[in-house]
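Below are my notes on the model you sent. They run from overall confidence to individual residues.

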Amino acid sequence: MPRTYLRQRPEMTPARTARFIVLAFAIALVVGTGLLMIPASSTGPGGTDVLTALFTATSSLCVTGLITVDTATYWTPFGQTVILCLIQVGGLGVMTLTTMLGIVLARKFGLSIKLLARAETKSFGSGRVSHVVLRIVATTAVIETAVTILLFLRFLLHYNYSPVQALAHAVFHSVSAFNNAGFALYTLNVMDFNQDPFILLPLAGCVILGGLGFPVLYELRHHLRLPRTWSMNTRLVLLATPVLLIGGTVFIAILEWSNPGTLGPQPVVPRF
């Protein structure tokens, strides 16, 4: 009897995943630039020129926060949604790509490099790539949703935003914060909330969690009460993060405490 062969799906290896992410970045950049150029994306007549659209799309996708036009007034809600999607795609891409690179190192190089790579991919280095990606997406969704709820309630109950406006602002700023993108729907960014801890603290916490990275978040989730089992990478990140945060706060406070253009006019507590 003739042999029959089942067509198997190609394995989604880390290297193939990395190439896929690079291609997805390129496609997202082209699509995002095109969408920002259409008249529906900007408030002015005739749409946006290619340079402004390309720069904004690149900055959003690469989560740099650099802008050449005011996000709050130049772009329509549709354009702001495009920027939001680019930020999310870019943030997920960066987290996924760095994690995949750690897995590639753990699989392909010598023992010393493997040991270093496992510090980045502990507990999931031997798992399927698709499972790792799903975990990254799930972690991102949980954190962003939690911060969105806090911001939504604050915008709705304290600032009297409409439910739609409160939700839109909450989603945008939670996504921007977690991905360290720096975009905001206000001309002065979040300076209008410089004395509102119910806005600033959730955003700051979201920024910190996004900056820790998925390998650290994953390890803390599974071994939070077992610090002795933490990898060297997690220990270094958790040690360096508060040192940098506290040191940066003290350094800025010393330099700007009496500056009339920055912290000087603020009450003592909000200066921190």
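**Notes on the model**

1. The protein chain has a mean pLDDT of 84, and 79% of its residues reach 70 or more; pLDDT is the predictor's confidence in each residue, from 0 to 100. This is a predicted model, in which local features need pLDDT of at least 70 and side-chain atom pairs count only at pLDDT 80 or more, while totals for chains, interfaces and linings use all residues. Residues are numbered from 1 along each chain as its sequence is written, and side-chain values use heavy atoms, with hydrogens and water left out.

2. Where pLDDT is low, the predicted coordinates should not be read in detail.

3. The secondary structure consists of 11 helices and zero strands. Helices (H or I, at least four residues) and strands (E, at least two) are DSSP runs, numbered from the N terminus. Of the contacts with a separation of 6 or more, 61% are between residues 24 or more positions apart.

4. Of the 272 residues, 38% count as buried, meaning under 20% relative accessible area, with exposed over 50% and partly exposed in between (1.4 Å probe, protein chains only). The accessible surface is about 16,100 Å², and carbon and sulfur atoms hold 71% of it. Areas come from the Shrake-Rupley method with a 1.4 Å probe; for residues, only the protein chains shown count as cover.

5. A search of the whole structure finds one salt bridge, defined as a side-chain nitrogen of Lys or Arg within 4 Å of a carboxyl oxygen of Asp or Glu. The partners are aspartate 196 and arginine 154, with their closest N and O atoms 3.1 Å apart. Aspartate 196 sits in the loop between H7 and helix H8 (197–212) and arginine 154 in helix H6 (residues 129–157), so the pair, 42 residues apart, links distant parts of the chain. Both residues are buried.

6. Helix H10 (residues 232–256) has 25 residues and should span 36 Å at 1.5 Å a residue; its end C-alpha atoms lie 35 Å apart, which agrees. The expected span is 1.5 Å times one less than the number of residues. Asn233, Thr234, Val237 and Ala253 of H10 are buried.

7. Ile208, Leu245, Ile246, Val250, Phe251, Ile252, Ile254 and Leu255 make a nonpolar surface patch of about 790 Å². Patches are made of residues with over 30% relative accessible area and no salt bridge: like charges are joined within 9 Å, nonpolar side chains (Val, Leu, Ile, Met, Phe, Trp, Tyr) within 5 Å. H10 gives the most to this patch, with seven residues. Leucine 245, in H10, counts as partly exposed because its relative accessibility is 41%.

Technical notes:
Contact = heavy atoms within 4.5 Å.
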